[in-house]
Amino acid sequence: MAHMSRLILSILPAAAVILLLSVGPKIAFAQATTNTQTPPANTYDQDQILQTGHQFFGSVSGGLASVLERAFASYGEPNGYILGEEGSGAFVAGARFGEGQLYTRNAGNHKIFWQGPSIGFDFGADGARVMMLIYNLPSIDRVYDRFSGVNGSAYLVGGVGMTVLAKDSVFVVPIKAGVGARLGLNLGYLKFTREPTWNPF
């Protein structure tokens with residue numbers, strides 16, 4: 001019996017070493033994997049939006065960095081954005097129509113249209129590219145609604161203008177560059193739809 005006990009005691013350290021050698025690397029790999037694989041963020045940071053904006057607006061995006069800095073300082077990181085084109089006409093009162101692509105990280109990309117009346121210091125007719133940052137969007141369905149202008153939110157610098165639209169806790173920040181930037185300095189609302197329509201109301 002004593003001989004058997006000594007034999008077991010002599011075998012145990014060797015078995016422990018073998019077990020450690022075989023399982024240890026797997027544990028270390030699992031820990032490393034756990035530490036390095038973090039889920040992607042659902043929002044876009046300022047550098048990503050700035051790079052996208054420069055590519056989208058091209059040479060007319062001189063004041064884009066300042067406008068984006070103000071938007072990010074006020075509302076944080078957006079969890080969606082729209083790139084599109086808009087046509088509008090106005091003589092004090094007017095209307096605008098646009099279409100573009102809605103981009104999100106966790107809900108895919110979607111074609112989107114918008115229409116709306118506008119009242120303000122705005123004259124003429126033109127077409128413009130527009131980027132819209134979207135904040136606090138809980139689901140794609142929530143963007144298909146009417147968003148009203150936030151009074152006093154107009155901001156214009158270096159040929160780039162932005163306003164803020166809101167519906168409950170969801171904010172949309174349209175940003176325009178060049179001649180179309182003047183259209184950011186008016187009040188009204190935008191209605192987002194899945195299909196195009198000529199009715200701005």
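Asp168 is found in the loop between strand 6 (165–167) and strand 7. Its phi is positive, about 55 degrees, although Asp168 is not a glycine. The model is predicted: local features need pLDDT of at least 70, side-chain atom pairs count only at pLDDT 80 or more, and totals for chains, interfaces and linings use all residues. Residues are numbered from 1 along each chain as its sequence is written, and side-chain values use heavy atoms, with hydrogens and water left out.

**Loop residues with positive phi**

- Most residues other than glycine have a negative phi.
- Asp168 is exposed, because its relative accessible area is 62%. Exposed means over 50% relative accessible area, buried means under 20%, and partly exposed lies in between (1.4 Å probe, protein chains only).
- Asn136 also is not a glycine, yet has a positive phi of about 60 degrees.
- The loop between strand 2 (109–135) and strand 3 (146–149) holds Asn136.
- Asn136 has 47% relative accessibility, so it counts as partly exposed.

**Overall build**

- The protein has three helices and eight strands. Both are DSSP runs numbered from the N terminus: helices are H or I with at least four residues, strands are E with at least two.
- The order from the N terminus on is α-α-α-β-β-β-β-β-β-β-β.
- The protein has 201 residues, of which 37% count as buried.
- Its accessible surface comes to about 11,200 Å², and 61% of that belongs to carbon and sulfur atoms. These areas come from the Shrake-Rupley method with a 1.4 Å probe; for residues, only the protein chains shown count as cover.
- Among contacts with a separation of 6 or more, 67% are between residues 24 or more positions apart. A contact means heavy atoms within 4.5 Å.

**Helix 2**

- Helix 2 has twelve residues, which at 1.5 Å a residue should span 16 Å; the end C-alpha atoms are 16 Å apart, which agrees. The expected span is 1.5 Å times one less than the number of residues.
- Ile49, Thr52, Gly53, Phe56 and Phe57 are buried in helix 2.
- Seen down the axis, the buried residues of helix 2 fall within an arc of 115 degrees, so they line one face. The arc is that of the directions from the helix axis to the C-beta atoms.
- Asp47, Gln51 and Gln55 are exposed on the other side of helix 2.
- An α-helix has 3.6 residues a turn, so residues three or four places apart point the same way.
- The charged end of Arg129 sits over the ring of Phe56, 5.0 Å from its centre. This requires NZ of Lys or CZ of Arg within 6 Å of the ring centre and within 35 degrees of the ring normal.

**Aromatic pairs**

- Rings of Phe, Tyr and Trp (its six-membered ring) pair if their centres lie within 6.5 Å; planes under 30 degrees apart count as stacked, over 60 as edge-to-face and the rest as tilted.
- The count comes to seven aromatic pairs.
- Tyr44 and Tyr81 have ring centres 5.0 Å apart and planes at 80 degrees, so the pair is edge-to-face.
- Tyr44 lies in the loop between helix 1 (2–36) and helix 2 (46–57), and Tyr81 in strand 1 (residues 80–104), 37 residues apart.
- Tyr44 and Tyr81 are both buried.
- Tyr75 and Phe171 have ring centres 5.1 Å apart and planes at 40 degrees, so the pair is tilted.
- Tyr75 is in helix 3 (residues 64–75) and Phe171 in strand 7 (residues 170–177), so their pair ties together parts 96 residues apart in sequence.
- Tyr75 counts as partly exposed at 28% relative accessibility, and Phe171 counts as partly exposed at 21%.
- One aromatic cluster is formed by Tyr44, Tyr81 and Tyr103.
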